[in-house]
Each structure stands twice: as structure tokens, then as C-alpha cells.
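Thanks for coming, everyone. Let me put the model up, and then we'll walk through a few spots.

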Amino acid sequence: RRVQVEFYVNENTFKERLKLFFIKNQRSSLRIRLFNFALKILTCALYILRVSLDNPTENYSINGFTRFKKAIQTSIMHFHFIMNLIFWVNRLQPVWAIQVTVALISFLETMLITYLSYKGNIWEQIFQISFILEMINTVPFIITIFWAPLRNIFVPVFLNCWLAKGALENMINDFHRAIQRTHSAMFNQVFILICTLLCLVFTGACGIQHLERAGKNLSLFDSFYFCIVTFSTVGYGDVTPQIWPSQLLVVILICVALVVLPLQFEELAYLWMESQKLGGNYSRHRAQTEKHVVLCVSSLKIDLLMDFLNEFYAHPRLQDYYVVILCPTEIDIQVRRILQIPLWSQRVIYLQGSALKDQDLMRAKMDDAEACFILSSRNEVDRTAADHQTILRAWAAKDFAPNCPLYVQILKPENKFHVKFAADHVVCEEEFKYAMLALNCVCPATSTLVTLLVHTSRGQEGQTSPEPWQRTYGRCSGNEVYHIHLADSKFFGEYDGKSFTYASFHAHKKYGVCLIGVKREDNKSILLNPGPRHIMAATDTCYYINITKEENSAFIFKQEEKHGKGLPVTGLYDAPSRLPVHSIIASMGTVAIDLQHPDPPEESGKLTLPTENGAGSRRPSIAPVLEIADSSAILPCDLLSDQSEDETNQSDDEGSVGSDFVKGYPPNSPYIGSSPTLCHLLPQKAPFCCLRLDKGCTHNSFEDAKAYGFKNKLIIVSAETAGNGLYNFIVPLRAYYRPRKELNPIVLLLDYPPDNHFLEAICCFPMVYFMAGTIDNLDNLLQCGIIYADNLVVVDKESTMSAEEDYMADAKTIVNVQTMFRLFPSLSIITELTHPSNMRFMQFRAKDCYSLALSKLEKIERDKGSNLAFMFRLPFAAGRVFSISMLDTLLYQSFVKDYMIAITRLLLGLDTTPGSGYLCVMKITEEDLWIRTYGRLFQKFCSSSAEIPIGIYRTESHMFSTSERKDSNVQSQVSINAEHGEEHQGRAGSWKEKTAHRNSTTSDQSEHPLLRKKSMQWARRLSRKNVKPASRAERISQQRLNLYRRSERQELSELVKNRMKHLGLPTVGYEDVSNLTASDVMNRVNLGYLQDEMNDHQNTLSYVLINPPPDTMLEINDIVYIIRSDPLAHMPEDSQMGQAARNTKNQQDFGAQSRNETHL
């Protein structure tokens, strides 16, 4: 037999059912409280109605006796009269009936709630204030039902306002529970305070009005007016209580107000301060009507905030956006001051909260945001833990708002793949940092070039400076990367159906813009300089460098008079008004190009140099740039095949360098997500023991860099640990397009030995070694071969990033670099700092007036609101110092330019897209000055090798104000150099002879035309500077200073030599800095920071010019940044297949690289 069993969630009793209906159930409880609140409001309204109908001056009956006011004669009778007026009122019968009914309902409800909430202590229920007030306001009316003479007795029904206040608070709480939403504590506290004030005023007004029935007989409005004046501490005195009962009530009310109101205000102030810390909420209405972005950070520093705000609001279309900052920590004092500035206070909202809480994401209205930026805390001791926090924030934001674009910053490359599928744009700090530092070693000041490109600027920096280089440098720094569709462009629209190289050259000649890349409509990959074989289409997206984007450009065409110059008046020569006529002519040379018949001359592939005696009256011509690529004019550059011309130029010992290298993809990647890059590799992996530089093994007995006999100078990297990001330092320096004979040995100077996982990744690369040591140990520096190095890269250490004082994180690095700068003055030191503001301490000179002037200029630019105030610091301008925080703007700029990360990765060699070019450099020598201008150089590159120049790294001599008085020995030495440089070397010769001359490494002074010309320039400037003779006291002081400095340098030299002898190292390679040869001086010029060691003042400076105007004159020692097209893109298909077969047969047959630089 089946038995039915019923289960109840609650106890199935009558009391439990009532409790469920009246208390537990949210909706029914809300209805009960709403009914209770309506009853209390009704009682207060009935009291006001009874007061308005009551008139104590008329005769009335009390306890059946008729009394008249005129019968009162004695004081005793007067006292009884006052008491009668206080205790008895004139209540109409209908009003009494309604009040009794309401009182009866309230009484029954109160007793039922008390019974249901009873928990064993009856006295606790009875002595509750709400219960006592209910009894006072209801029991007298219930008694009058049975005893009619008491129907006119006074009952303080106005006290029900306090019960109404409690019912309203409970009703709001039930309402929040029912709709599952809560208002802020600030709202609740303000609501309670307002209700308390209203109840106090209403209670006082009703009480004083009733008591004054026996006195001045105030109306209810007069009593209300008196309470407002009294509580506001104004006290006009026109309305005052007359009898002592009302005066006593005023005293009681004031005492109550002095106790209750301060407590309420204190709670409100506390909640207000807490809400200021938390930041409140971002308005839902504002989120639906205004656009905003969310910035999620673990800790907010003033530098990070200002970098974000300056870069974000630098774009005109973002001026109306709001920035909502979501940070788990309390707002910093400095950040609070910044956010109080009117410029930011109306647009920036700070919310304290966590991105892992949906409530905080809801406060920030993440689901309505245009974008979310999630930044990692690079100042954390454990950077891996900081990345893990960033990953969780990214996941939480994507889970809460899947349609909101995410821009994520990751510190370590091995953590990138965790957010790559969730984030729309990812910037890995260590990837970019190491790749940029690596390119700095082969392409000077790449860090400065990229930093200027990713910062938004109008090119107004330094325009008020008296220094010409600062004006030029500041103006060119305003160049940025922009994009436009070819069909919509005036810059490039006319080149539809023409080659990419043709479009790039003519757009630069006509408009001064530099076309660097393109993207097909059916291809998501951006191609940098795809070469002349790429034919422009109307659907292509063009990427170009210019001061401003085309949409903001004004096109003013003028028909210039060119008949005087012998040039035909054609539409091509119509140029913007900002380019003068001589600029257009200089950019074209003396060649008149027929655009309708652009057939190249037969000898266009050869360069005709002027004869030495100047027999030719016409300067050399430059071949025209073809509209359509000619296969015969472009030599295929097969980097995977042997080049006989390279082998013939090499001696026997030189030919052995790199002869055992092969090309291929690294077999082991240290982390997931690294882009595969074709590199120079060893035929077989090197044993781990052979990677140790300072210790021999069974395979070789070398214990120092000298023993290896490297042909090229070393590149030393000083880092704390061998992180996976260090792999990105090696790959760009071993890329397949680097000439084999120019591969520099790489030495990793690590504080802690690397693990086997990292060694497994680097053992396939040629000439890569490691050594345990630090840069503050002279023995370690000498053992790793610092005297044979051209570049020393000092990477910021993680353990120093979290200093007690933020800006002291770079203290140890700066002091160590300064020491190495003194010990090894000819060494190029590239330093990474945590804070960009500390770059002013690099190569610090306390009495250098020029550095002080640059400091003042930096402050002026910062006051003007420049995003690049630090750009005029000489170490930064020369590319000697770099801070990864400078690249934070790359992530911010991606919100407007979503292609910037991809273009930067291609420039740095982090990604290798088939058909996309790569960044390299070419040096201008004296033999190249016949080209004269940058515009003609652009044409030469495009016509001869299809390369696109994008800027110039310029080094020029500069005599500073503190160097006016020179020592006589220095002046004579420079004068001698100038005399030796009076002879001019002929520029005639073939391409191969000129290449051999430019690649020569001899130290003979006669083979350095640049040194001779620079020496002459310095001598002339010295002769002009030294007009006023110095006094005898000044000469003596200067001689003493020079003697002290010379003795200091000799002491440092002896220290280094003694340590080398102690370590058993030969001292031949170390030269005393006080005896610098002409070749050493030349090397220091090339490094960009030549030091006059005798007076310790810098007299050369270097800086970067991005996309200079076409009429910019070329100078000796200029280094041109060029984007060279992909060599593999020009290989025929059958050639690639045949070469693959040869690679399979014998990997050792790989020859040397193609030409290592562009020959002009």
C-alpha cells in the first residue's frame, strides 16, 4: 500500500504560517509594512485635521461642567484652567470614530507582530520604544470606546511620525530584498537623516502648538516656523513660547537634537569619506548617454596616470570620453590632487574596487564601456604573480562584458597566451623591451625612434629654443603613423595600379609623407615595404608617417614658375605650399622624368660618379622610379644561396667566419606564442658546457673572450636572470637578413645562472654565450670581454624595481653605469631605467651648463603640456637610455590606431610576415654627399634597391658654453688633426671598391674622411670660440683641474690593467683613455656621445629625425633608417624549390649573406 508523505520547508503550524506571511516572505512583508506606514501617515493627518477644527477660546464642556474664561479669577483656578486646556481637547465625533478605528487596527497588528517575533523574553518585547509608542497612541482610544467621558482627552497622536519613519525604513529594506538590489549606504544614511529631521520638526511643532493652547494660542504654522528658526540656530524671537510647559518642551527638543543629530551627521560624514575612498558609482544614465573607458590597475601611480590621460586625450575625437579608474587600493594623495584639477575632475572618475567582483564591474558600468585597459604592476617583486593577477582581471572582465574590447598589458612572454584569446590587443613588456634593446646595438637609437612614433605630438616641442637641432628634432618628433584607404586618399589615390615603391617616392616628393606599409582587403596582415612588385589597389589600406593625418591636412596647390629652371610645367610638380620650389628641384636632381613614358635608361642600374678633376659640369643623376616593377631591373636577393661576390671579397680567415652556419627556424622556443623567425643557426646544437664563456670544457679550453678570437666586436647583455624575454634579444640579432660576416658575438652576463630550459632554447644559435656575474664587479666585466665589446646593454633588474622610494629604483643601475662610463669611455652603454625622469642622471656632470639648460627646456615643455618633455635629454635623444614605461602609450594609442602594435612588432622584428620588410640602417659617408638632400636620397633608394627611408640618426659636433676655454694641448692636437685632413680623397670608384672602403676597420687616420672633416669643423669652431684670452688666474685654475682629471684617469687605467694582469688577461686590448687615437675618437663619434676627456665636457650630440622634409641636407655621419623589402619575396619559385633540395643534401653549403648595406 502506497503512503503519501508531504514535506514542508517551514514548520506546518498556524504560527509559522503567520510568521511566513508577515515577516519572512519578502513580498507579503513589504505589503504589510506599506499598509502600516499608510496607517501612521493617516493618524498624523487626522491629528492635523483635529487641530485645525479645534478652537480653545470658545466655551466647552469638560467632565459635564460648563466653565467660562471670564469666571477664572484666582491663580489656582488659572492653573486648573491651563491643565484643562492641555489635557482636554474638542474632538468631533466623526474624527473620533476614524481615530478609534485606526488605533484598533494598529493595536491588533502590533500585538500580532509582537507574538510572532517573541523569542522567550517578554520584557524585551514590552520595553521596545516602538511598542511603547504604539500603546500610548492606541490604548487611550480603545478605552474611550467603553468610557464616553474620555473621548475628548488629549492623545499625542503626532508621535506616530516616528513609527512611520521606522515603517518606511523597514519597507525600503524589504523592497531591496525583493528586487535584489541595494542602494549605497550613503543613500540610506541621508534618507535616515532627512526622516529624523522631519520627525523632530513635526514633533516639536505639534507639541508646542498644543501646549500653547493655554498660552499664546499659536497656530500650527507658527509653531512650525518657530521650530525651523530654533533648530537652524537663527532665533529671530518674534515667536516664543509663553508658558512653562511649552518652554520645557523646547528644552527637551533641543537636548534631543543635540544628541541625535550629531550622531547622524557623524555617521553621514564617515560614510561620505568612505565613499570618497571607494569612488561611488558611475551613473547608469551617463553610461547610456556618454562614452567611457575603464582603466583597471592594481596600484595607480601618478606617472602612469598622467601618461594614460595625456596620451588618451591627445586625440581630438576622445575629448568627450570619460575615464573610469577601477583600482583595489585607496586613492593616493598625489593622484587625488591631480584628479581635483578641473581639466581632469570632470572627465576622470576613481572607483575603489576589484575587477574580480561583478558588483564593482557593475559600478564601473563595464558592460557599457567602449574599452577596458588592464595594466600590470611592473613594480611588483614577483612579476609572475603580477601577470597572474592581470590574467584573472582580463578573464573576469571578458566574462562580465564579453563585447567590451580588452587592451591588456603583460610583463612576461610566457603568460601572453593566457590572455591572447580573450584580449583584443596584448602588449608583452619583455618582448618589446629586449627586441628594442637588441636593435639598438645594430640600428642606433631604435628605442628613441619607436618611442617618438608611438607618442602623440604636434611637433611643437622645442620650437622656441635658440638651438637649431632642438627645433628640427622637436618638429620631426611630431611624425606619427596613420592609415587611410587608397580610394579615399589624396596622398595616394592617384597611384592606383602603380607599384608600391613608385607610390611611396612620389607621395614623399609631393606631400612630404612617407608610405611605409600596406594591407590588402582580403589579407589581415600588414606588409612593411612589400617592394616594387606590389601593385597598389583601390581597396588597399595605406600606412604612412606624417605630422598629421590626411583628414586634417589642407591642400593648397600652386602653379610655380619653373621655366627659369628649365623644367616643364606639368601637374606632377604642383606641390603643397609648404614645400618651396628649390626643395622640389633638389629632390629631383637634374633629371626630367617623363611620367607618360617611364622607361629606364640602359645604364640606370649603374652609378656615374663625377670625376676627380671635376670635368663633368653636371652632378650625377639618379634613375627614375618605375611605375611598374621591371624584373630585370631588380636583382633577386637569394639569402639562402651562396653569393660568390661575398666570398671573393673575403680573405681565407674571414671566409671561415659563418661558413658553418645554416638558416632555419629555431627548433626550441622557450615559451608558447613566440613568432617563428628564420635565423642563422648552428648545424648541430652546442653542448651546454660550451655555452659557458669563462670556463673551459672537454670541447674547448677557452676561458675568456680574448681566447675565442672573435672577428667582430661583442654585444654584452647584463641581466638579473635569463628570463624567456631574453630570447627576443637574440632572435633579431640572428635573423636571416643579418649578414653573416656582421654577426656580433652575444655574451649574457647574468646574476644567476640560467636553467636548462633556457639553454635548450639558445644552444642552436651561433656565438651566444653566458657567464655568471654582475656589472658592479670589475673582474666579471673583464672576463666577459668588455674591452672587446662595442655595446653593453644594461637591463633593469626586477629586484630593484620595488624600492621604498619609487624613484630610487634606478639608483644602483645609474651608479654602476656611471662607473663603467669612466672605466671604459669608448664603450657604447645602452641602459634601461624604471623611471624616465631618472635619465637626467645618465652621464651626469654637475657643472655642465648645457645640461642645466636642457633641464630648464624640459620643464618648459612639461608646463606646456607636452607628452615628450624628456625628449631633449641627450642620453635619450642619442638612444643611450630607455624606459619600458615609455611604451605604455603603445597600448593606449591602439584604442584609436588598432594597427600600431602590429607595425611596431614588424619594425622590431618580433613578427616576420612573408613579404614584409625589416628595419635596418645605412651610413652616409663623404662619398655619398653628392646626393645632397634627403629627397634625392629617397629617390636613390627607391630607384636602385626599392628601400624606403623613414628617418635619420644624426650626430653633429657641438661646442657647449662650458667648453669655450680649452686647454692648449687639446687645441693643438685638434689643429694637427685638421691639418692632416686638408687633403680630399677622390670619390671615383666602383661599387665594390666603395663598399670595401666603407667596411674597412683600419685605424689609419688617412682612411677616415669623416674624421678629417669633423676635425676641421672642430678646429674652426675652436678658433672662433677662443677669441678672448683667459686671465692668468683662470689658466692656472684650468691647469690644476686638467692635472687632477688626468691623474684620475691614469688611476682608473692602472686599476683596470692591474685587474687584467691578476686575471691573466692580456692588457694589449685596453688603451689608456688619456691617449685616445684618431680612430678611437672616430668610434666615439659614431657612438653618439664623444667625450673630450681632457676637459670632461661633451662636444657631440646625436638625435633622431623622423621623416625629415625632402630638402633636408645630408651630413657626414648621418645614419639613415630604412625599411628593406623582404629578400625572400623576390626569389623565384623554382629557385626556392631547388634551394630546398640543396639544403636537404648539404646544410654546410650555405654561403655568405648578400650585400650588408645599401650602396649609393
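Which residue stands opposite Ile 374 in β6? Cys 296 does.

Some ground rules. This is a predicted model, where local features need pLDDT of at least 70, side-chain atom pairs count only at pLDDT 80 or more, and totals for chains, interfaces and linings use all residues. Residues are numbered from 1 along each chain as its sequence is written, and side-chain values use heavy atoms, with hydrogens and water left out. Helices (H or I, at least four residues) and strands (E, at least two) are DSSP runs, numbered from the N terminus.

Back to β6, residues 371-374. Strand β3, residues 292-296, pairs with β6 in parallel over 4 bridges. Pairing takes at least two DSSP bridges between the strands. Strand β7, residues 406-410, also runs parallel to β6, joined by 3 bridges. There, Val 408 is the bridge partner of Ile 374. From β6 the chain crosses through helix α16, residues 383-400, to β7, and this β-α-β crossover is right-handed. Right-handed means that, with the strands pointing away from the viewer, the path from the first strand over the helix to the second runs clockwise.

Now the faces. In a regular strand, side chains alternate between the two faces of the sheet. In β6, Ala 371 and Phe 373 lie on one side, Cys 372 and Ile 374 on the other, and all are buried. Buried means under 20% relative accessible area, with a 1.4 Å probe and protein chains only.

Take Phe 373. Its relative accessible area is 0%. Beyond neighbours within four places in sequence, its contacts (heavy atoms within 4.5 Å) include Val 293, Phe 308, Tyr 407 and Tyr 892. Phe 373 and Tyr 892 are 519 residues apart along the chain, yet their C-alpha atoms are separated by 8.0 Å.

Next, a second sheet. It is open, with 4 strands in the order β9-β12-β10-β11 and antiparallel pairing. β9 (480-485) and β11 (527-528) are at the edges with a single partner strand each, so one side of each has no neighbour in the sheet. β9 pairs with β12, residues 541-546, over 6 antiparallel bridges. His 485 has Thr 541 as its bridge partner in β12.

Last, a helix pair. α21 (residues 500-511) and α34 (residues 934-944) pack at about 175°, axes 10 Å apart. So α21 is roughly antiparallel to α34, a label for angles over 145 degrees. Phe 505 of α21 and Phe 938 of α34 are among the residues making the contact.

Methods. Axes are lines fitted to C-alpha atoms, for helices over the stretch in contact, and angles run from 0 to 180 degrees between N-to-C directions. Angles under 35 degrees count as roughly parallel, over 145 as roughly antiparallel, 65 to 115 as roughly perpendicular and the rest as oblique. Buried means under 20% relative accessible area, exposed over 50%, partly exposed in between (1.4 Å probe, protein chains only).
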